[in-house]
Every structure is written in C-alpha cells, then in structure tokens.
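Trainee: Could we go through some side-chain features of this model together, with the rules behind each term spelled out?

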Amino acid sequence: MNRKEITRYNILKAGLDLFSEKGYNSVTTKEIAKAAGVNEVTVFRRFGNKKNILENILEELVFKVAVEEVFHKTVSYDLERDLTYIAKKYNEYLDRNKKIIMIIFKEFHMKENYELTKFPKKLKELLVEYFKKMQEMGKVKEENPELLAANFLIYCFGMFMSNLLTNGNITKLSKGECIDHMIPIYVKGYEV
C-alpha cells in the first residue's frame, strides 16, 4: 500500500474501533483523526463527513471481505453442504460485526440505512444465482429462486437477532447445532 492508502485505511480502522467502542453519535471526526494519527483536515479531505467514514467502513472493512468469505470460497453445488457452510459463515460475519450492526440499528433510521443492506442484498443476489444454477442442474425444485434465497437469509438473520436480543436465552443449543439441524429440513423441502 502507498502512503495515501495507508492513511485511508488508518482513518477507517480508527473510525471502526471508536464507533464500536463509543457509538456513532459519541465519536467526533477530531477523535478519529487523533486515533488515526492524522490531522482532522485530512479526514475531511478524504471523506467529507463522519457518515461517509461509516459508509466506507461498512463497504471496505466489513462487506467486501464478507462476500468473499461467505460465498465464493467453497461452493460445491451440494445443497446441504453449501447452505450449511454459507449459514455458518454468515452467522460468523454477523457475530464478528454485531457491535457495528447494533450501532447502526440504534443510531440510524433504517430508511437511511442503505449501507447496512448492501451485504445481505449482495448475498441474496449470489444465492439467487446459486439456486438458478442448482435448478438448471436438476438439483432444486422449480421454485422462485428469490424466495428460496430470501427464506434462507431470513432464517440466518432471525437466528442472529434472536440470540443477540435475548443474550442467547432462546435455546441452550449453539448456533452451529441449530444450523446443522435446520439446514437438512430446509434442503428436504427444496431438493429434487
């Protein structure tokens, strides 16, 4: 990385750390600049405002890594294996980013929150293409691929949120155990 890229990364990393620790509304651009080791003018020159810093954090430090990690690494076109892997990776991603997700839920109105929906939308698009390919291969029933993808994501996100909001008091089973039990049921409904 060149000096400009390092400065950009340092500002984003400082923003992520501070937002996670203190909350979005409690952090100033001055604090971000200090933590990044740059002048506040540099922060404004690169990003313009604090909201742009958050949006760039989500895009560059959270979502870009997650799509590759969750979907592209080991698709084998074995429905149960693939969906189990994707569900576990998606939940690891959600757990790893729960502080920033909670900050966004608490401090922004969802209609302003288009950045938060980028990753689930991208993952849904990839799943729709995956289900279409599985249908072409004769491995999945001819159901609406968008509905298949949406049901899968709703299950994954619902499990994450119910655990988050109840401190895991819904069940004593781990998320992995829940996924290992639920995915075969899901697959039975859609496999040819």
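Trainee: Which residues make the nonpolar surface patch of about 330 Å²?

Mentor: This is a predicted model, where local features need pLDDT of at least 70 and side-chain atom pairs count only at pLDDT 80 or more, while totals for chains, interfaces and linings use all residues. Residues are numbered from 1 along each chain as its sequence is written, and side-chain values use heavy atoms, with hydrogens and water left out. Patches take residues with over 30% relative accessible area and no salt bridge, joining like charges within 9 Å and nonpolar side chains (Val, Leu, Ile, Met, Phe, Trp, Tyr) within 5 Å. Here the patch is made by Met1, Ile6 and Tyr9.

Trainee: Is Ile6 buried, partly exposed or exposed?

Mentor: Buried means under 20% relative accessible area, exposed means over 50%, and partly exposed lies in between (1.4 Å probe, protein chains only). With a relative accessible area of 37%, Ile6 is therefore partly exposed.

Trainee: Why does the pair of Tyr77 and Tyr130 count as stacked?

Mentor: Rings of Phe, Tyr and Trp (its six-membered ring) pair if their centres lie within 6.5 Å, and planes under 30 degrees apart count as stacked, over 60 as edge-to-face and the rest as tilted. The count by this rule comes to seven aromatic pairs. The ring centres of Tyr77 and Tyr130 are 5.5 Å apart and their planes stand at 15°, so the pair is stacked.

Notes: Areas by Shrake-Rupley, 256 points an atom, 1.4 Å probe, with all protein chains shown as cover. Salt bridge = Lys/Arg side-chain N within 4 Å of Asp/Glu carboxyl O.
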